[in-house]
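This report describes one protein chain. Please look over the sequence and the structure before reading on.

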Amino acid sequence: MWALPRLLPRRPAPSPYFQPSGSRRSVNPKPTGRDFCGVITEHFTVKNRETLTSGHPATMNIFRLTGDLSHLAAIIILLLKIWKTRSCAGISGKSQILFALVFTTRYLDLLTSFISLYNSSMKVIYIGCSYATVYLIYMKFRATYDGNHDSFRVEFLVVPVGGLAVLINHDFSPLEILWTFSIYLESVAILPQLFMISKTGEAETITTHYLFCLGLYRALYLFNWIWRFYFEGFFDMIAIVAGVVQTVLYCDFFYLYVTKVLKGKKLSLPA
């Protein structure tokens, strides 16, 4: 399969912290080979996604921290919205299933390694909250779920993403392929939600706050990758390209959020 090269850090990272949403494990060099572009590059085997070649975890920076907090805020906003209103109207259950799948396939290393309490706690929170949201939508408040408008064909996302993860990854191993699958899938998991809003013509204000925090989290991660490249010499093509795709999907929403929601108007997406 095609293995993408990535630049490695110039120096050890001293901090014991990490970002649970997309950091790479440590990598050990394998023999030089030819990548899918036909250029001679180094191939690497992923050993511990949260650490770099030095064996130290990746450093925490302001963009990672605020990205984490924004992501956590989005999850809390959504759960509170559903619980307080006793309704999941306007929420795409299909997007939430995709996010649950993202976190499940990304954090399987919970069973094989321990990095820090923060690391494990955030992973458990993401997984637990994603399944709690799915439960509220499809079980507890099922009567309020708008399945007629939540009609996006998710198989058109999952199947191509699965194939891409098998074909293009950093290392052809089960955990690495599943991690790559989660990165690709997260970049498009919000599409059913945006599609649902475009069909209904509008979204509740609290739902737009959830989407804004979710989009902000990914945008902050782009700055995080720039920071890591500049200060650590670390560059992960798969995570960066997926992050750019995900951020681009939010561009129209960001514009409408600033021009309408922040001015007290209802948000609607063009059909």
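What share of the contacts in the protein chain with a separation of 6 or more comes from residues 24 or more positions apart? These residues account for 77% of such contacts, a contact being heavy atoms within 4.5 Å.

## Basis of the model

The model is predicted: local features need pLDDT of at least 70, side-chain atom pairs count only at pLDDT 80 or more, and totals for chains, interfaces and linings use all residues. Residues are numbered from 1 along each chain as its sequence is written, and side-chain values use heavy atoms, with hydrogens and water left out.

## Overall chain

The protein chain has 9 helices and 6 strands; these are DSSP runs numbered from the N terminus, helices being H or I of at least four residues and strands E of at least two. Of its 271 residues, 51% are buried, meaning under 20% relative accessible area with a 1.4 Å probe, protein chains only.

## Annotated spans

An unreviewed UniProt entry lists "transmembrane region" for residues 124–141, 153–172, 178–197, 209–227 and 233–258; such annotations may be inferred rather than shown by experiment. Residues 209–227 are 100% helix and 0% strand, with end C-alpha atoms 27 Å apart. Residues 233–258 are 81% helix and 0% strand, and their end C-alpha atoms lie 35 Å apart.

## Packing of H2 and H6

Helix H2 (residues 93–106) packs on helix H6 (residues 191–200) at about 170°, with the axes 7 Å apart. Axes are lines fitted to C-alpha atoms over the stretch in contact, and angles run from 0 to 180 degrees between N-to-C directions. H2 and H6 are therefore roughly antiparallel, the term for angles over 145 degrees. Lys94, Ser95 and Leu98 of H2 meet Leu191, Pro192 and Gln193 of H6.

Technical notes:
Buried means under 20% relative accessible area, exposed over 50%, partly exposed in between (1.4 Å probe, protein chains only). Angles under 35 degrees count as roughly parallel, over 145 as roughly antiparallel, 65 to 115 as roughly perpendicular and the rest as oblique.
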